[in-house]
Amino acid sequence: MATMWNGISFPFTEQSYMTLIIILAATVLWLLWSVSSHFRSRNQSDLRLPPGSFGFPFIGQTVEYVLALRTAEGIRQWVQTKIDKHGPLFKWRFTGYPVVMMDQPEGTKFIFQNEGTSNHIFWPPHISTLVGPDCVMGLSGERHKRARRLLARFFDHSAMSRYLHAVNRNAIRHFNDHWQGKEELVVLDMTNKFTFSTICNLLLTVGEGPMMDKFLEECDHWAKSASTMPINLPGFQYHRGLKARNTILEMLDGLLQQRRKEIAEDCVSEASKVDILHSLLTMPEEEGNLLSDSFIKDNLLFLFISGFDTSSGTLAMTIYFIAKYPHVYKEVLQEHKLILEEKRRSGKDENVLTMEDISTMKYTWRVVKETLRLHPVVIGSFRKTAIDLEYKGYNIPKGWLLNWNTQDSHYNPKYFKDPLTFDPSRWERAPIPFTYLPFGGGPHICLGNEFAQMEILVFIHHLVRNYSWSLVNPNYNGPIIRDPLARTPDRVLVKVKQMTAF
Ligand code: HEM
């Protein structure tokens, strides 16, 4: 999901087509703009709008924003330059919509606390088509509350202890199958395999094999298409993404029919009885009816996407930072050694992790939090105003977008001392509310954050326990690429050495 949350990032592989289309579109829109601007300026002249500029007609700052999104430094500087010029609250224009980048933390709090009343979730139409009409993330108001209630039971704290055992087994198997005997590895490819197989298992009881590979391939196309130009013509990534959506839905349809048959014949395997597909097929809605196929498929598709590359990218960058800073590695190692020593002392199985073990991995979680501060998977997203608003003496008209964004506060020395320094110890204290937003906030706050925490910590536990690793390019100091997940150009290429498990 990371892919789409970041805003829209065009990879420019289709650059020549896009340039032509942008120029033509801009010319037409310029004419429309010129005719209508006279009337608009008259209406808005009475309002006190936030400072800032709308940039080019219609497309506004879309292209410069999208280009800035291609590196971590680029987007940080884009936001900073605007703040230096206009202050922390400014207007700009994105894909045709007037946007207000809200100041932090007050503006972000304002968005999240008023969500569902004066503002609503907003996704551009082409993203809404990709996620489908019943996907929890695209819904608002009562429909969103209902969908969230239905899905939340799969991700609450008690569900975590049910999943832990399977996630732990999957991690052990992953290291045996993919790390053993290797000298060099691309960490991002490994974490993709691990998080995708974890989510496939959790949702559908589908293990590694041709079906999982096909799901992965299609999800990858889907995710890439969410961050390209929405041109539905053969040869364009967006077109491929829509095809991927259809293929995934067809595959899910096959699984749904098969499972329904097994339920009718009472021959569902014990493993499948506890997956999310099974619950979705058997649990009644609040009104007593079974859930519609469209609801089940749209949300399974979304959980695939949101539950895989977000955690995978975070894991890969965490492993990168642990390798980069030996003092961090030392502390992480020590924490996991203590967990194992305690298990040995009390005669417990060393290969089994409990929720209590997870909660003792405090330092490791701080390392992950620091990674997410510097490289949040989601840069920010948009909400749409449902009424004319007044905020800090400014008018924000109905229909404008409000943009919450991680870049100002995550890198602001007012909230995080020496913000460019990787320092997990800063998490010994809680941050000021609404300054740290890797999982968003408000009614759409990440549903899978506890699950992500658990799977990331389980993976790191088995990694530090069995392997030492070092960066193949330790002196790389160039930009961290975002495509759109943050990664080093070599996708975190490491030398690995298997250790005798401690
Ligand atoms: C490190 C990992 C993750 C990060 C950084 C992350 C981040 C986010 C963010 C920022 C949002 C809110 C977007 C917005 O407000 O516009 C979100 C929503 C969501 N996430 Fe995550 N996520 C992660 C992992 C997961 C996992 C593992 C799952 C499920 C398996 C998941 C499921 C969801 C769902 C269902 C929503 C939509 C909730 C709603 O609309 O009510 N996420 N995530």
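**Group meeting: helices α8 and α9, and the chain around them**

Helix α8, residues 157-178, and helix α9, residues 187-204, have axes that come within 10 Å and cross at roughly 140°. Axes here are lines fitted to C-alpha atoms, for helices over the stretch in contact, with angles from 0 to 180 degrees between N-to-C directions. Helices are DSSP runs of H or I of at least four residues, strands are runs of E of at least two, and both are numbered from the N terminus.

This is a predicted model, where local features need pLDDT of at least 70, side-chain atom pairs count only at pLDDT 80 or more, and totals for chains, interfaces and linings use all residues. Residues are numbered from 1 along each chain as its sequence is written.

Which residues in α8 and α9 meet? From α8 there are Tyr163, Ala166, Val167, Asn170, Ala171, His174 and His178; from α9, Met190, Lys193, Phe194, Ser197, Thr198, Asn201 and Leu202. Contact means C-beta atoms, placed from the backbone, within 7 Å.

Now the whole chain. The protein chain has 20 helices and 12 strands. Its radius of gyration, taken over C-alpha atoms, is 23 Å, close to the 23 Å that the globule rule (2.2 Å times the number of residues to the power 0.38) gives for 502 residues, so the chain is as compact as a globular protein of that length. Along the principal axes, the C-alpha atoms fill a box of roughly 80 × 60 × 40 Å. Of the contacts with a separation of 6 or more, 74% join residues 24 or more positions apart.

Last, residues 300-323: this stretch is 92% helix and 0% strand, with its end C-alpha atoms 35 Å apart.

Notes. Contact = placed C-beta atoms within 7 Å.
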